Amino acid sequence: MKRFKPHGVMIVSILAASVLIGLMGAAGNPWVYLVLVFAAGLVMAPFNIALGGWSPQIVEPSMMGRVTAWTDPVLTLGQSVTLGLISLLYPKAISLELIYGVLAAIMAGAFALYAWTLPGLTGRAGRPAAVEEKPFT
């Protein structure tokens, strides 16, 4: 079985999800929409698996708790703010198509960022490059 590099899996899956989310906003048939949602869920699963398997390799074990302590609240805040804005602005100020379009654009931006930065985090053998640890003072 061929192994895929984590950054490659992440880049491809975020691009595919971006395209599928953009298509969800344009879907006129509920069945087409449901198939697109299912497909987006399928392509996001490899992203989560790659991220979950790769981050312990690039984060120092003693810092893993600090990384989680920052990422979890930030992700939760981002989701809460997004859902709050949607609840205030939809459907009077923004349309459902606009919500999907903005989400697809944000995902495309994440794809561009990942495609630009993640390959540089891997060494020649596909393992993460050494991260220099600086002591706290």
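Tutor: Start with a definition: a helix here is a DSSP run of H or I with at least four residues, and helices are numbered from the N terminus. The model is predicted.

Student: Where does Phe4 lie, in those terms?

Tutor: Phe4 lies in the segment before α1.

Student: What makes Phe4 count as exposed?

Tutor: Its relative accessibility is 61%. Exposed means over 50%. The value passes the cut-off, so Phe4 counts as exposed.

Student: How far apart are Phe4 and Ala50, in sequence and in space?

Tutor: They are 46 residues apart in sequence. From C-alpha to C-alpha, the distance is 9.3 Å.

Student: Which helix holds His7?

Tutor: His7 sits in helix α1.

Student: Why is His7 called buried?

Tutor: Its relative accessible area is 10%. Buried means under 20%. Therefore His7 is buried. Leaving out residues up to four places away in sequence, His7 touches Trp54, Leu118, Pro119 and Thr122.

Student: Where is Ser18, and what makes it buried?

Tutor: Ser18 is in helix α1, residues 6-26. Its relative accessible area is 7%. Since buried means under 20%, Ser18 takes that label.

Student: Which residues does Ser18 touch?

Tutor: With residues up to four places away in sequence not counted, they are Ala104, Met107 and Ala108. A touch needs heavy atoms within 4.5 Å.

Student: Why is α1 called roughly antiparallel to α4?

Tutor: α1 packs against α4, residues 96-117, at an angle of about 165°. Over 145 degrees counts as roughly antiparallel. So α1 is roughly antiparallel to α4. Their axes are 8 Å apart. The crossing of α1 past α4 is left-handed.

Student: Which residues make that contact between α1 and α4?

Tutor: On α1, they include Ile11, Ile14, Ser18 and Gly22. On α4, they include Glu97, Tyr100, Ala104 and Met107. By class, this contact of α1 with α4 has 15 nonpolar, three polar and one charged residues.

Student: What about α1 and α2: what makes them roughly antiparallel?

Tutor: Helix α2, residues 30-58, packs with α1 at an angle of about 160°. The cut-off is over 145. Therefore α1 is roughly antiparallel to α2. Their axes lie 8 Å apart, and α1 passes α2 in a left-handed crossing.

Student: Which residues take part there?

Tutor: From α1, among them are His7, Met10, Ala17 and Leu20. From α2, among them are Tyr33, Val43, Phe47, Ala50 and Trp54. The contact of α1 with α2 divides into 21 nonpolar, two polar and no charged residues.

Student: Where is Pro91, and is its peptide bond from Tyr90 cis or trans?

Tutor: Pro91 lies in the loop between α3 (64-89) and α4. The bond from Tyr90 to Pro91 is cis, with omega near 0°.

Student: Step back. How many helices and strands does the protein have?

Tutor: It has four helices and zero strands. From the N terminus on, the order is α-α-α-α.

Student: What share of the 137 residues counts as buried?

Tutor: The share is 20%. His7 is one of the buried residues, and so is Ser18.

Student: What do the contacts with a separation of 6 or more look like?

Tutor: Residues 24 or more positions apart account for 71% of them.

Terms used. Residues numbered from 1 in each chain as written. Predicted model: local features only at pLDDT ≥ 70, side-chain atom pairs only at ≥ 80, totals over all residues. Heavy atoms only, no water. Helix = DSSP H or I, 4+ residues; strand = E, 2+ residues; numbered from the N terminus. Buried < 20%, exposed > 50% of the residue type's maximum accessible area, 1.4 Å probe, protein only. Axes fitted to C-alpha atoms, helices over the stretch in contact; angles between N-to-C directions. Parallel < 35°, antiparallel > 145°, perpendicular 65-115°, else oblique. Left-handed = near helix turned anticlockwise from the far one by under 90°. Nonpolar A, V, L, I, M, F, W, Y, C, P; charged D, E, K, R; others polar.
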